Amino acid sequence: MRSQDQLVDLLVAEGAVKHKDIDRVLRAVDRGFFCGEANMPKHYIYQDSPLPIGYGETISAPHMHATCLEILRTHLRPGARVLDVGSGSGYLSAAMALMVSPGGKVIGIEKHPELAEQSKQNIRAAMPDMLDSGVLEIRAGNVLGDALASEDVGFDAIHVGAAADTLPDVLVNKLRHGGRMVIPVGQQWDYQILQLVDRDVGGKISKKNLMGVRYVPLTRPGEE
Ligand code: SAH
């Protein structure tokens with residue numbers, strides 16, 4: 001695979017990309033801007049697998065980006081407020097920011113300050129106006145610590161890109177009525193279950209197990 005279009009063609013053939021909105025947004029955000037190394041060979045960048053982005057972290061596999069966008073799609077409408085936990089390279093935050101424009105907002109939170117900074121550079125290179133327009137904000141901090149400010153009243157969609165050992169209340173409490181979260185839950189450094197968490201319009205929470213996945217751990221403050 002040598003280009004973003006070829007990669008998305010593969011994701012369509014694999015069945016990871018289903019809806020035309022997801023097809024469009026994945027073609028619009030080129031993975032080449034988010035893989036760190038400027039001289040990384042193209043056949044690595046555009047393959048469907050995770051890649052190291054420094055600080056011991058990885059950019060997720062494209063089929064996982066596609067799968068999570070498909071799951072959250074109906075909640076990523078223009079005007080929606082979205083939280084991307086463990087925003088890493090910034091790829092998925094940028095893709096979701098395109099979907100909630102105009103009028104929406106994505107907040108990406110990344111625990112490594114240097115990686116948060118690097119992701120801002122990636123986003124600036126890929127989508128020059130996105131950060132300045134205010135539709136996307138990247139914050140350095142730990143989401144299980146104090147990175148979620150009290151002014152963050154709630155979110156229509158929450159994506160968690162790292163595996164929690166149990167479902168964190170601090171995130172469930174940030175789901176708006178009618179909101180949806182997708183989060184890997186399970187043992188660290190093992191397989192986890194990708195869970196769907198919905199808060200209905202009356203405020204009631206329901207959960208569903210979707211599929212087995214493998215993510216890096218969602219760490220507590222002070223853990224590495
Ligand atoms: N969606 C990102 C995934 C990056 S990997 C991408 O495709 O680029 C998961 C990220 O979660 C890592 O960068 C890691 O540093 C971050 N992370 C792990 N625990 C965290 C926490 N408690 N708060 C914020 N970020 C966290």
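Which atom of the ligand is 2.8 Å from an N or O atom in the side chain of Asn142? In this predicted model, in which local features need pLDDT of at least 70, side-chain atom pairs count only at pLDDT 80 or more, and totals for chains, interfaces and linings use all residues, it is a nitrogen atom of the ligand that takes this position. Residues are numbered from 1 along each chain as its sequence is written, and side-chain values use heavy atoms, with hydrogens and water left out.

An N or O atom in the side chain of His65 is 2.7 Å from a ligand oxygen, while a polar side-chain atom of Glu57 lies 3.3 Å from an oxygen atom of the ligand. Taken alone, the ligand exposes 580 Å², of which the protein buries 99%, areas being computed by the Shrake-Rupley method with a 1.4 Å probe, with only the protein chains shown counting as cover for residues.

His65 also belongs to the buried residues of helix α4, where buried means under 20% relative accessible area, exposed over 50%, and partly exposed in between (1.4 Å probe, protein chains only). Of the 11 residues of α4 (residues 62-72), 10 are buried, so this helix is largely enclosed by the rest of the structure. Helices (H or I, at least four residues) and strands (E, at least two) are DSSP runs, numbered from the N terminus.

Seven strands form an open sheet with mixed pairing, in the order β5-β4-β3-β6-β7-β8-β9, two strands being paired if DSSP finds at least two bridges between them. Strands β5 (136-140) and β9 (205-213) stand at the edges with a single partner strand each, so one side of each is left without a neighbour in the sheet. Strand β4 (residues 105-110) runs parallel to β5 and is joined to it by five bridges, with Ile107 standing opposite Glu137 in β5. Helix α5 (residues 91-100) packs on the sheet, touching β3 (81-85), β4, β5 and β6 (155-160), and its direction makes about 170° with that of β4; axes are lines fitted to C-alpha atoms, for helices over the stretch in contact, and angles run from 0 to 180 degrees between N-to-C directions.

Within α5 is found Ser93, which is buried, with a relative accessible area of 0%. Leaving aside neighbours within four places in sequence, Ser93 is in contact (heavy atoms within 4.5 Å) with Asp84, Ser87, Val106, Gly108, Leu136 and Ile138.

Notes. A polar contact is a pair of N or O atoms within 3.5 Å; within protein, one must be able to donate a hydrogen and the other to accept it, and residues adjacent in sequence count only if both atoms are side-chain atoms.
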